[in-house]
Amino acid sequence: MLVVIPFCAKDEDVCVKQVEWSLKISGKDKRTALVVHDDTVTGHAVIAAAKRAFSSVEEFQYPKWPGKQTHWPIVQNHQFQETATFLYNKRNGKPWFWWEPDCTPLKEGWLDALEREYNEGGKPFMGHIVSGDPFQNGKTIEWMTGCGIYPWNVIELSSSIMSCINVPWDVAGGSQILGKTHRANHLIQHVWERNGAPFSFRDRRDADSVLSKTAVVFHRCKDGSLIDALNGEPFGVTIARALKEKIDECASAARKLFAVGGKTAVVQLGRYGDIANALPAVRMIGARTGAKPSVIVSKEFASILDGVKYCDAIPYEGHFSDLRGGIDFAQCKFKDVIVGQVWGKDSPVEQKCSSYNMDNWERLGCLSQWTDPTPPTFDNRDRKRERLLINSHVQINEKPLMILSLSGGVTSKLEGGDVLSQKVKQAFGDMWRIVDIDTIMAERIYDVIGLMEIADAIVTSDTVWLHLANDVSTPVAAVLSQKGDWMQTVPRCNCTLMLKDTSPSSENKLFKWIEDRQKSVENRLFIQVCEEHFPKPKRVKRAQSTWRSLEATYRWKVVYASGYNRDARQIGEKRDLPFIKDVIQYGLDRCSHDDVLVFTNDDTILAPHTPDEINRTLAASVALSSNRSDLNSFVANLPREPHTSHIGRDLMAFKASWLRRNIDMLPDYLIGICDWDIGMAAQIRWLAGEEWSIKTSSTPMISCELLPGSVFHEKHEPTWTDDRKGDVSPGLAHNRREVKRWAASADVDISQGITWWNKS
């Protein structure tokens, strides 16, 4: 039997105490312990204690639930489900005891007693069976409480445990595992509360009055007081310890109230561009210190920090050039102050690097990571505001889109920029959709990232756009500052042309660069990827004949994905269904920068004008999806009037350059099982700043969905697994968890109940 030791940051100390208590009463155990925690804590203390108490120790670190951590039981369900999946994939066949930090061993040989009872019981599950009305609907049910022994293949035996979100996993398992559970109430004592709170024991006499004589573990005591009582700690010592903990808690609250205290503060007063340049390094500081940094920023420019979650803005009332004042302000509030800003009024400028923005990172202690890939700087973008900006300034047609800024800027304002800007517009205005961002006002400066993301080229002399462009894959042509080498930005974005002046030679290079970008966009391929199944039914052959027509008349290429390293059987499904990311990656590997990746099912019928519709939609978006129109039969001609759209999605398309950079943003759905396509459709709407609901899902959003009449499908008997008859398979449970995970990370309001989708 494996001993699984799960914990989170707030109960790490109690977890260590439980493990050390087990060592004291039972000695070193011969079993293997698996220490389980999310990726926000190191687990060093628990691992060290476990190594003293068990013969061998393994560690499993899983990604933190991306939503709010205070939402019980979502975070707890996530921890259990991740662990169950991990142990299933190991396939070692061993049962495992889920030892929570509030479960206290009571007797020597407690694990031996539990394992012996489990073996004699002869059932997959063993635990304490309780009855109650957890849903407060007047119905009493029975279930096994969480601290118990589980089989290695929980995934196969209880889809309810693996799919629950808003209901605790032990309650969700309920009747589904009850018949497979050995009752061990005599060994595992479970008492939920005393006087409305988890048990806290005063002394040994109090413990003896509560504990069962046959029990080997007690659940639940969250403060470790049961160990103190069993260990013979006097009542007065217990009171003193409790008082000290309360004093420490009050002192901690006071420090947070009156000073930010031990956190690190970065002095980066402004301007927008300098702040944007520094932010990836600020995030690195947070990762290094393990705490969210604060940024001392001039009030004038503080709004840019609304776009990030990984640091706190501390506005400074003084001017952004008052560096000395900003440093004094920071040192009054913080013990650890890092000055990133490279210049200020009456402050000497020390040039250590070849460029000011590299010097900024050198001062922040992150220059060695200058070339490291970094996640998006702005992780709190407002997609709805971006959509309003796009709709206000972007004309929808098949011309490539250029973002232009040659006449703006302050520190980096380009001499002659107005003239060069007009020359670009005159030379390319008929062939490009040109958006001059020097003439627009965004509510937040980082809202312009939405425009940059859908563009085919960015031409700028303003350094703020060079720094913001680090969050997109769009090629950039930069005209650098003419105020000296140190003032010239070293771009971290996809800058493929850097000019140091506006001479005729540089102007010719810029025009040639724009012409090359235009040719590349015009010659883009549409790479259609799908699975191939054999034998092919006639309806599939008929559907794929429409693809051959597109290949003959358009820049369209079909590839069939194969050779996956994993499939649905690894999470308990009987079929070898693939993961969507693997199929998409197969097609993406065959795309160049400007190509479009199109995913379809193998029986999707495409109209002759579908590529034009994809072009139209991707003129103002990075991704799209499409409903289908169901046909009773299809021979050669498509109906002139589209039929009623189906709720599901049969086609999705992405700009390859965006997808290559952002594929990790996509949930890892299984294809061929319900809900993955609806989840993708909701995410694509979110990317486009649009809202999702089931009721509006069949009405296309022109910003990110194809109009009816582009995608068709012959009706046939469905083969997908769904839950209309209570059939929640491991794959369906997986897809639902992936939807929830994405919704939480994107702060999208999708209901958390059994009817998991927002139907309003």
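I started with helix 23 (residues 676-687) and helix 24 (residues 730-745), which pack at about 15 degrees with axes 9 Å apart. Axes here are lines fitted to C-alpha atoms, for helices over the stretch in contact, and angles run from 0 to 180 degrees between N-to-C directions. Helix 23 is therefore roughly parallel to helix 24. The cut-offs: under 35 degrees is roughly parallel, over 145 roughly antiparallel, 65 to 115 roughly perpendicular, and the rest oblique. Helices (H or I, at least four residues) and strands (E, at least two) are DSSP runs, numbered from the N terminus.

I noted the model's basis next. This is a predicted model: local features need pLDDT of at least 70, side-chain atom pairs count only at pLDDT 80 or more, and totals for chains, interfaces and linings use all residues. Residues are numbered from 1 along each chain as its sequence is written, and side-chain values use heavy atoms, with hydrogens and water left out.

**Helix 23 on helix 24, continued**

I looked up the handedness: helix 23 passes helix 24 in a left-handed crossing. A crossing is left-handed if the near helix is turned anticlockwise from the far one by less than a right angle, and right-handed if clockwise. I then listed the contact residues (contact means heavy atoms within 4.5 Å). Helix 23 brings Trp676, Gly679, Ala682, Gln683 and Trp686, and helix 24 brings Asn735, Val739 and Trp742. By class I get five nonpolar, three polar and no charged residues. Ala, Val, Leu, Ile, Met, Phe, Trp, Tyr, Cys and Pro count as nonpolar, Asp, Glu, Lys and Arg as charged, and the others, Gly among them, as polar.

**After helix 24**

I followed the chain to Asp747, in the segment after helix 24. Is Asp747 buried or exposed? Asp747 is exposed, at 66% relative accessible area. Buried means under 20% relative accessible area, exposed over 50%, and partly exposed in between (1.4 Å probe, protein chains only). I also checked Asp747 against Pro66: they are 681 residues apart in sequence and 9.0 Å apart in space, C-alpha to C-alpha.

**Helix 1 on helix 2**

Helix 1 (residues 12-26) and helix 2 (residues 44-53) have axes 9 Å apart, at an angle of about 5 degrees. They are therefore roughly parallel. From helix 1, I noted Glu12, Cys15, Val16, Val19, Glu20 and Leu23 in the contact; from helix 2, His44, Ala45, Val46, Ala49, Ala50, Arg52 and Ala53. Those residues split into nine nonpolar, one polar and three charged.

**Helix 11 and the cores**

I looked up helix 11 against helix 13 (residues 356-363): their axes come within 10 Å and cross at roughly 30 degrees. Helix 11 is thus roughly parallel to helix 13. The crossing is right-handed. Asp274, Asn277, Ala278, Pro280, Ala281 and Met284 of helix 11 meet Tyr356, Asn357, Asn360 and Trp361 of helix 13. I get six nonpolar, three polar and one charged residues there.

Next, the cores. A nonpolar core is a set of buried Ala, Val, Leu, Ile, Met, Phe, Trp, Tyr and Cys residues joined through side-chain atoms within 4.5 Å. The largest has 95 residues, and those with the most contacts inside it are Ile296, Leu305, Phe378, Leu468, Ile584, Phe654 and Leu659. Its largest share, eight residues, comes from helix 11 (residues 272-289). Another core, of 47 residues, lies apart from it and includes Val19, Ala113, Cys147 and Ala215.

What does Leu468 touch, leaving out residues up to four places away in sequence? Leu468 touches Ala276, Phe378, Ile445, Tyr446, Ile449 and Met452.

I kept the general rule in view: most residues other than glycine have a negative phi, and most peptide bonds are trans.

- Gly270 and Arg271 are joined by a cis peptide bond, omega about 0 degrees. Arg271 sits in the loop between strand 13 (261-267) and helix 11.
- Phe534 and Pro535 are also joined by a cis peptide bond, omega about -5 degrees. I placed Pro535 in the loop between strand 22 (526-531) and helix 19 (538-553).
- Arg91, not a glycine, has a positive phi of about 50 degrees. Arg91 is partly exposed, at 43% relative accessible area.
- Asn195, not a glycine, has a positive phi of about 55 degrees. Asn195 is exposed, at 80%.
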